[in-house]
Amino acid sequence: MATGRTHRPATRSRGIPEATVARLPLYLRALTGLSERSVPTVSSEELAAAAGVNSAKLRKDFSYLGSYGTRGVGYDVEYLVYQISRELGLTQDWPVVIVGIGNLGAALANYGGFASRGFRVASLIDADPALTGRTVAGIPVRHTDDLEQIIQDNGVSIGVIATPAGAAQQVCDRLVAAGVTSILNFAPTVLSVPEGVDVRKVDLSIELQILAFHEQRKAGEEQSGESAAPPAVKGVKQSAEQGPDGDVPAVMPA
């Protein structure tokens with residue numbers, strides 16, 4: 001079985017923009033749903049709607065893959081699933097380690113979507129000796145003392161950090177030193193990594209704060225007296241000037 005470390009897909013001569021790469025998983029998810037329903041072809045408009053993008057952007061993205069569809073027919077669903085999976089490197093086995101087996105780490109270990117998308121959880125690792133040897137999602141938890149050996153034995157190039165913020169950078173440094181070159185970080189902190197190491201950060205609290213902002217704005221738009229001055233916020237004073245967006249009062253420390 002090929003591993004992420006020893007069998008990488010061939011590099012394409014043309015570059016694919018990062019924004020396009022970020023949308024490929026959205027297309028793949030929508031296409032997988034169509035495939036499971038035995039839908040043979042799909043138009044760019046239908047697929048774009050299912051993926052949450054506009055059809056012009058979708059067609060531009062697919063042009064980087066060399067896929068243009070057939071006029072009057074659309075795109076072949078199964079071929080696009082294969083094509084995008086190959087581009088993302090999902091037609092091979094990617095062993096992954098998860099470090100930090102608290103509530104979040106355990107939930108990630110139990111997530112069934114990894115295996116169906118080409119990712120194999122090779123090991124679960126935690127610093128708590130009380131967790132060592134326990135089984136989570138059918139996988140025994142190993143101590144962080146074994147981290148480097150685990151990575152070497154399994155040819156791991158992707159690591160998932162689900163530790164508390166204070167431990168994340170040290171774990172990151174050890175993963176990188178052991179040969180990991182891609183990290184998915186769930187810890188609420190910014191990691192420092194050398195050139196050549198990719199980090200993707202998932203911060204649930206930030207996403208909730210952004211949703212709170214939009215909820216607050218929607219509530220404000222629904223109020224009939226939008227021209228009235230907003231209530232004072234404890235600890236701050238508000239200037240009469242508008243913010244940079246022209247519709248939010250600027251807030252300055254008191």
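**Close-up views of a predicted model**

**View 1**

**View 2. Helix α7 and its buried side.** In helix α7 (residues 147-154) the buried residues are Leu147, Ile150 and Ile151. They lie on the same side of α7, because the arc that they cover around the axis is only 95°. An α-helix has 3.6 residues a turn, so residues three or four places apart point the same way. The buried residues of α7 pack against β3 (94-99), β4, β6 and α8 (165-178), whereas the exposed residues Gln152 and Asp153 are carried on the face of α7 turned away from its buried side. Just after the helix α7, Gly155 takes a positive phi of about 60°.

**View 3. The largest nonpolar core.** This core has 21 residues, and those with the most contacts inside it are Tyr27, Leu31, Val42, Leu47, Leu58, Phe62 and Ile84. Two or more residues of the core come from each of the elements α1 (18-36), α2 (44-51), α3 (55-64) and α4, and α1 gives the most, with 6 residues. Leaving aside neighbours within four places in sequence, Val42 is in contact with Leu31, Leu34, Leu47, Gly74, Tyr75 and Val77. Apart from this core lies another, of 19 residues, among them Val97, Ala168, Leu175 and Val176.

**View 4. Ile84 in helix α4.** Ile84 has its place in helix α4 (residues 77-88), and it is buried, with a relative accessible area of 0%. Beyond its neighbours within four places in sequence, Ile84 is in contact with Leu24, Tyr27, Leu28, Leu31, Phe62 and Leu65. Phe62 is 22 residues from Ile84 along the chain, and the C-alpha atoms of the two are separated by 9.2 Å.

**View 5. Two further salt bridges.** The structure holds 7 salt bridges, and one of them joins the side chains of Glu45 and Arg59, at 3.6 Å from N to O. This pair links distant parts of the chain, since Glu45 is in helix α2 and Arg59, 14 residues apart from it, is in helix α3. Glu45 counts as partly exposed at 47% relative accessibility, and Arg59 is partly exposed with a relative accessible area of 37%. In another salt bridge the side chains of Asp93 and Arg120 meet at 3.2 Å, N to O. Asp93 lies in the loop between α4 and β3 and Arg120 in strand β4, so this pair ties together parts that are 27 residues apart in sequence. Asp93 counts as buried at 12% relative accessibility, whereas Arg120, at 32%, counts as partly exposed.

Conventions: Residues are numbered from 1 along each chain as its sequence is written. This is a predicted model: local features need pLDDT of at least 70, side-chain atom pairs count only at pLDDT 80 or more; totals for chains, interfaces and linings use all residues. Side-chain values use heavy atoms; hydrogens and water are left out. Helices (H or I, at least four residues) and strands (E, at least two) are DSSP runs, numbered from the N terminus. Buried means under 20% relative accessible area, exposed over 50%, partly exposed in between (1.4 Å probe, protein chains only). Contact means heavy atoms within 4.5 Å. A nonpolar core is a set of buried Ala, Val, Leu, Ile, Met, Phe, Trp, Tyr and Cys residues joined through side-chain atoms within 4.5 Å. The arc is that of the directions from the helix axis to the C-beta atoms. A salt bridge is a side-chain nitrogen of Lys or Arg within 4 Å of a carboxyl oxygen of Asp or Glu.
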